Amino acid sequence: MLPFMTPVMALVIGWRFILHLPLPASVRILLFVFALLVAECHLIYRLVFGNMFSPEFPQPVMVAINVLFGAEILFTLLLVLHGLIAGVAYLAGHPLSHEGATNSLLCAVSLAISGYAVWQAVKVPAVKNVTVNVSGLPAAFEGYRLVQLTDLHASTLLRGQRMAEIVEKTNALQPDLITITGDIADGTVADRKQDVAPLKELRAADGVVAIPGNHEYYADFSGWMREIEAAGIRELMNQSVRIYRGEQSIVVAGVTDEAALRFSQPGPSLSEALQGVTQQDTVILLDHRPVNARQNAASGVDLQLSGHTHGGMVPGLDILVKRANQGFYSGEYRLGRMLLYVSNGTGLWNGFALRLGYPGEITLFTLQKG
């Protein structure tokens with residue numbers, strides 16, 4: 001849908017702004033073509049690289065594209081709003097003056113806000129602390145520390161150095177368990193091998209477990225599963241693992257992503273993941289998407305960790321993300337005895353790397369009986 005909607009954005013900018021610039025016609029045409037190319041960046045990714053999920057442009061180019069793409073979206077909205085205000089003012093007999101200067105100011109504001117939003121998206125996120133009350137938590141697991149990383153999206157935008165800093169920050173928390181709830185990388189194993197290599201250094205008392213997100217299926221799913229397992233990370237694909245403290249235990253289960261069905265891979269199955277689990281068990285479920293949270297809660301899950309939504313990313317878009325995910329898009333949701341937590345993500349897809357009001361996070365959960 002994006003390649004069909006974004007030309008409208010370029011047309012609005014061309015008609016309301018570029019056309020009126022005091023520049024030679026040839027320069028204005030070049031500016032319009034440039035604006036159109038930025039607006040159609042996802043189509044260009046497909047044409048050049050065969051898909052829009054893993055463009056292999058250098059990092060500075062990807063940063064610039066995201067800043068300009070975000071600025072064009074905001075500038076278009078501001079131009080439309082300003083045009084409506086100008087129209088009302090004209091009908092009221094008070095036409096606005098200096099519209100050219102106003103439009104230039106709106107352009108500068110759009111670039112500044114978009115630049116800040118991209119910086120928020122690419123910087124190493126802060127740690128967010130969440131306390132989880134679990135009614136049936138075994139006494140031996142009081143104070144259990146669990147870290148969630150999700151939507152890391154290693155790419156030419158989010159490179160290995162950033163991943164290494166995330167790993168260092170995670171290990172410093174001294175967690176009992178580290179979970180990764182999908183979308184580790186964008187692109188093939190060959191392209192991203194060095195960018196995900198730091199994940200081998202993750203350390204936790206009970207190890208590292210993960211589930212696939214939708215993006216793992218877009219480029220060599222089997223290869224990625226082998227690469228992740230080789231990094232010492234256990235993939236839970238409709239499976240569970242029991243963690244013991246003496247004779248007491250909790251269960252960590254994981255399901256695949258529904259994207260699997262499009263690639264002839266096993267789709268998500270909570271019943272398979274919970275085989276051998278009883279109603280008395282404390283169950284932590286890793287499910288990349290939050291959409292099935294109500295059904296998962298009815299199946300006896302105590303804590304569900306999800307990602308996928310990136311928290312909504314920016315105001316306005318968050319409304320659409322919320323509607324597309326059954327109302328779950330960022331933070332904590334209590335569903336009976338189950339707590340659903342939807343992380344804003346530790347990284348972000350390189351095709352829309354902007355954050356305003358929904359910062360990325362490394363999430364540290366502390367379990368307590370309650």
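Which residue in strand 4 stands opposite Ile-180? Ala-210 does. The model is predicted. Its chain holds eleven helices and twelve strands. The radius of gyration is 23 Å, close to the 21 Å that the globule rule gives for 370 residues, so the chain is as compact as a globular protein of that length.

**Overall build**

- Along its principal axes, the C-alpha trace spans about 80 × 45 × 40 Å.
- Of the 370 residues in the chain, 52% are buried.
- Take the contacts with a separation of 6 or more: residues 24 or more positions apart account for 74% of them.

- Strand 3 covers residues 177-181. Five of its five residues are buried, so the strand is largely enclosed by the rest of the structure.
- In a regular strand, side chains alternate between the two faces of the sheet.
- Both faces of strand 3 are covered. Leu-177, Thr-179 and Thr-181 are buried on one side. Ile-178 and Ile-180 are buried on the other.
- Strand 2 (residues 145-149) runs parallel to strand 3, and four bridges join the two. Leu-149 stands opposite Ile-180 here.
- Strand 4 also pairs with strand 3 in the parallel sense, over four bridges. Ile-180 faces Ala-210 in this pairing.

**Crossovers**

- Strand 2, helix 6 (residues 160-171) and strand 3 make a right-handed β-α-β unit.
- Strand 3 goes on to form another right-handed β-α-β unit, with helix 7 (residues 189-196) and strand 4.

**Aromatic pairs**

- A pair of aromatic rings is described by the distance of the centres and the angle of the planes.
- The chain has 14 aromatic pairs.
- Tyr-45 and Phe-57 form a tilted pair, with 6.2 Å from centre to centre and 55° between the planes. Tyr-45 lies in helix 3 (residues 41-49), and Phe-57 lies in the loop between helix 3 and helix 4 (59-91). The two are twelve residues apart.
- Is Tyr-45 buried or exposed? Tyr-45 is buried, because its relative accessible area is 1% and the cut-off for buried is under 20%. Phe-57 is partly exposed, at 23%.
- Phe-53 and Tyr-218 form a stacked pair, 4.4 Å centre to centre with 25° between the planes. This pair links distant parts of the chain, 165 residues apart. Phe-53 sits in the loop between helix 3 and helix 4. Tyr-218 sits in the loop between strand 4 (208-211) and helix 8 (221-230).
- Phe-53 is partly exposed, with a relative accessible area of 24%. Tyr-218 is partly exposed, also with 24%.
- Ring pairs link Phe-53 and Tyr-218 into a cluster with Tyr-217, Phe-221, Phe-263 and Trp-349.

**Database annotation**

- An unreviewed UniProt entry lists residues 30-48, 68-92 and 104-122 under "transmembrane region".
- In the model, residues 30-48 are 95% helix and 0% strand. The end C-alpha atoms of this span lie 21 Å apart.
- Residues 104-122 are 100% helix and 0% strand. Here the end C-alpha atoms are 27 Å apart.

Terms used. Residues numbered from 1 in each chain as written. Predicted model: local features only at pLDDT ≥ 70, side-chain atom pairs only at ≥ 80, totals over all residues. Heavy atoms only, no water. Phe/Tyr/Trp six-rings, centres within 6.5 Å; stacked < 30°, edge-to-face > 60°. Buried < 20%, exposed > 50% of the residue type's maximum accessible area, 1.4 Å probe, protein only. Pairing = 2+ DSSP bridges. Right-handed = clockwise from strand over helix to strand, strands pointing away. UniProt positions renumbered as here; feature names shortened; annotations may be inferred. Rg over C-alpha atoms; globule rule 2.2 N^0.38 Å. Contact = heavy atoms within 4.5 Å.
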